[in-house]
Amino acid sequence: MPLPPLVTDLSSFDLLLSVVRLGSVGRAAAAHRISQPAASARLRQLERQLGVTLLDRTPRGSTLTEAGVLVADWARAAVDAAAALAVAAAALRSSMDSRLAVAASQTVAEYLLPGWLVTLRRDHPDLTVALRAGNSAQVATAVLDGEAGLGFVEGPDLPAGLRAEPVAEDRLVVLVPPGHPWSRRRRGITPAELAATPLVAREAESGTRRALEEALRTNGCGPAAAPMLELSSTTAIKHAVAAGSGPAVLSSLAVAGEISAGTLVAVPVTGLPLRRSLRVVWPVGRQLTGPARDLYAVARRAT
């Protein structure tokens with residue numbers, strides 16, 4: 001039930017108790033870091049609200065009236081309870097700020113988040129981070145279920161109830177092993193060729209796979225061919241491509257080392273934009289606070 005208007009603000013009652021404890025309005029005003037005229041005005045306003053005189057004011061100081069004694073006794077329990085609530089809330093906030101649960105899709109978890117967390121810990125040296133890595137659908141579920149304070153996704157689709165903000169840009173790359181026919185294509189391959197080719201891919205809920213399917217669909221290529229092989233990790237896909245299983249499409253962040261070493265070859269795709277946005281997500285209607293807010297800021301500054 002709503003509090004009565006007379007007690008929605010306890011600061012005037014707290015000021016009255018300080019007058020009782022310190023013996024004068026002037027000393028109470030100093031303790032509350034306000035001027036004496038401001039303290040006097042606040043106390044007179046409280047008397048008008050209650051309809052009773054609370055203080056006998058004399059040149060030697062202020063003393064409680066009979067009504068003032070009763071009001072002070074009643075107010076003391078409420079003010080003490082409010083102070084205890086403030087202390088408990090601060091302790092809870094401190095406890096929550098010492099641990100951060102994060103969910104991230106594999107690309108972000110493996111290639112971006114470690115650097116962001118190093119930066120975050122400079123401002124939060126006692127922070128413990130619990131990281132859950134998975135595909136974008138799993139990240140969204142973890143955030144919606146309250147198992148993570150925020151998440152990072154790479155897929156284009158999000159369930160209702162999540163707010164999303166971009167934090168980085170990524171580019172998808174078509175990969176083949178050296179010697180593959182596509183590796184000798186100076187002009188690369190067409191979107192239609194890519195769509196028609198069974199790939200080594202992640203599971204259907206993977207953000208990378210969904211981003212590729214969406215790019216092909218918007219380019220008018222129709223549905224992509226069914227994968228020749230589904231693997232659960234980026235590392236497994238890279239090994240499978242290098243062994244000659246078939247082409248794959250992965251994040252450029254994940255394959256920069258292999259392309260530089262020559263163990264995998266990047267194949268251009270003519271006329272098909274393969275850029276995507278990496279996004280941070282959290283529940284709609286909730287504000288990011290503490291380390292979660294700071295991690296979001298770190299990710300934004302890093303890109």
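Let's start with one residue. Alanine 39 touches Leu15, Val25, Ala29 and Ile34, leaving out residues up to four places away in sequence. Contact here means heavy atoms within 4.5 Å.

A word on the source. This is a predicted model, where local features need pLDDT of at least 70 and side-chain atom pairs count only at pLDDT 80 or more, while totals for chains, interfaces and linings use all residues. Residues are numbered from 1 along each chain as its sequence is written, and side-chain values use heavy atoms, with hydrogens and water left out.

Back to alanine 39. Is alanine 39 buried or exposed? Alanine 39 counts as buried, because its relative accessibility is 0%. The cut-offs are these: buried is under 20% relative accessible area, exposed is over 50%, and partly exposed is in between, with a 1.4 Å probe and protein chains only. Alanine 39 sits in helix α3. Helices (H or I, at least four residues) and strands (E, at least two) are DSSP runs, numbered from the N terminus. From alanine 39 to leucine 16 is 23 residues in sequence and 9.3 Å in space, C-alpha to C-alpha.

Now glutamine 36. Helix α3 covers residues 36-50, and glutamine 36 lies in it. With a relative accessible area of 46%, glutamine 36 is partly exposed. What does glutamine 36 touch, not counting residues up to four places away in sequence? Val25, Gly26 and Ala29. Proline 223 is another matter: 187 residues separate it from glutamine 36 in sequence, and 76 Å in space, C-alpha to C-alpha.

Next, valine 167. This one is in strand β6, residues 162-176. Valine 167 counts as buried, because its relative accessibility is 4%.

Now zoom out. The chain has 12 helices and 11 strands. Why is the chain called more spread out than a compact globule? Its radius of gyration is 31 Å, well over the 19 Å that the globule rule gives for 303 residues, so the chain is more spread out. That radius is taken over C-alpha atoms, and the rule is 2.2 Å times the number of residues to the power 0.38. The C-alpha trace spans about 100 × 35 × 25 Å along its principal axes. Of the 303 residues, 40% count as buried. Among contacts with a separation of 6 or more, 74% come from residues 24 or more positions apart.

A pocket is an open set of points on a 1 Å grid over the protein atoms alone, with protein on both sides within 12 Å along at least five of seven lines; lining residues have an atom within 4 Å of a point. Of the 16 lining residues, the closest to the centre of the second largest pocket are Leu199, Ala201, Arg209, Leu212 and Glu213. Which element gives the largest share of this lining? That is α9, with four residues.

Technical notes: On a 1 Å grid over the protein atoms alone, a cavity is a set of points where a 1.4 Å probe fits but cannot get out, and a pocket is an open set with protein on both sides within 12 Å along at least five of seven lines; lining residues have an atom within 4 Å of a point.
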